[in-house]
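Colleague: Could you take me through this model? I am new to it and would welcome a short tour.

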Amino acid sequence: MLVLGIESSCDETGIALYDSEAGLLSHALHSQVAMHAEYGGVVPELASRDHIRRVVPLLREALVRSGRQLAEVDAVAYTRGPGLSGALLVGCAFAEALALSIGKPTIPVHHLEGHLLSPLLSSTPPSFPFVALLVSGGHTQLMRVTGVGEYELLGETLDDAAGEAFDKSAKMLGLPYPGGALLSKLAEQGDPEKYSLPRPMLHSGDLSFSFSGLKTAVLTLVREQGESLTESFKADAARAFQEAIVEVLVKKSLKAMKQTGLKQLVVAGGVGANKQLRATLDREAKRKQFRVYYPELEFCTDNGAMIALAGCLRLQSGTPAKEAGSFAVQPRWPLMEMSATAQ
């Protein structure tokens, strides 16, 4: 089964071809970061227009790299939500029209399910069941994953997600957009003993998260510093922030492992690329004798490969494809609506 995947939920346009037997054949990606950097954040209208410009050239690139023809595609998977409505509509309309033109069905995919399953693209993938720490953009969740479409929500953020806290704190420190990755890099130079920031809900007794207070603590630290935001201060503040957020993510993940009794942890989403988070989890996994899995770094951010994979796995698990030609997007779409256990 050959599935074409299309991702356009925010500011990356991704196209990929995934074969159920041969695995990932190709993927092509364009990031809009440089375009949005001028505005300090994603401009939805500009994002939608850029997706329109990029989707056809990226499709051609992915086809050439795969050595396959469009006529060989068995189904077209695309991101239905959540995300920016205009951006989603571009990918959805293109996917439905393309599938209709070649007489093939479509399969709408949940963006977060794509992230959740992305470690399965690795050469050493996890097996079901596992605990998943999903730290993607505006989402921070812990899930028990029993199989494709079999998800149990263990805990989630009550306000800001980890990724949002990274980006907003980076902006407070005067780092350019997108600041989360820059903050992480800057933190490598910081003194972990210089400042201490709160660990929100670390001892709450449940698996919920809250990062708005941590963000406020960074703001307070910046205001106390005044106008002299030296590079050393920025590095130390970044390190203090990262130390706090990593400790919360790791300890909540360990609690989820203990609560479920599972021995596999999957970390997916953009924050999953954080070096300190990975190093700390790897150390704890060795100490407590469980295994931790991550997507390849190129699949931590939004991409078409995870959408093609999720679409293929959905079809293999019995989810019926839909006839091409009619469509709708869901900018707000809880992942649990995709779970068979919730139906």
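Modeller: A residue is called buried under 20% relative accessible area, exposed over 50% and partly exposed in between, using a 1.4 Å probe and protein chains only. The model is predicted, so local features need pLDDT of at least 70 and side-chain atom pairs pLDDT 80 or more, while totals for chains, interfaces and linings use all residues. Residues are numbered from 1 along each chain as its sequence is written, and side-chain values use heavy atoms, without hydrogens and water.

Colleague: How many residues of strand β6 are buried?

Modeller: In β6 (residues 130-136), 7 of 7 residues are buried. Strands here are DSSP runs of E with at least two residues, and helices are runs of H or I with at least four, numbered from the N terminus. F130, A132, L134 and S136 point one way from β6, and V131, L133 and V135 point the other way.

Colleague: Which residue stands opposite V131 in β7?

Modeller: That residue is R144. Strand β7 (residues 139-147) runs antiparallel to β6, joined to it by 7 bridges; two strands pair if DSSP finds at least two bridges between them. The two strands form a hairpin with 2 residues between them, and G137 in the turn has a positive phi of about 50°.

Colleague: And what does V131 face in β9?

Modeller: In β9, V131 stands opposite L265. Strand β9 (residues 264-268) runs parallel to β6, with 4 bridges joining them.

Colleague: Changing topic, in what order do the strands of the open sheet come?

Modeller: The order is β3-β2-β1-β4-β5, with mixed pairing. The edge strands are β3 (23-31) and β5 (106-110), each pairing on one side only. Within this sheet, β1 (residues 2-7) and β4 (residues 75-81) run parallel and share 4 bridges, and G5 has A77 as its bridge partner in β4.

Colleague: Which strands does helix α2 touch?

Modeller: Helix α2 (residues 44-66) packs on the sheet and touches β1, β2 (12-19) and β3, where contact means heavy atoms within 4.5 Å. Helix α10 (residues 304-316) also packs on the sheet, touching β1, β2, β3, β4 and β5.

Colleague: One more: is K215 buried or exposed?

Modeller: K215 counts as buried because its relative accessibility is 18%. This residue lies in helix α7 (residues 212-225). Not counting residues up to four places away in sequence, K215 touches D160, K168, S169 and M172.

Note on methods: Axes are lines fitted to C-alpha atoms, for helices over the stretch in contact, and angles run from 0 to 180 degrees between N-to-C directions.
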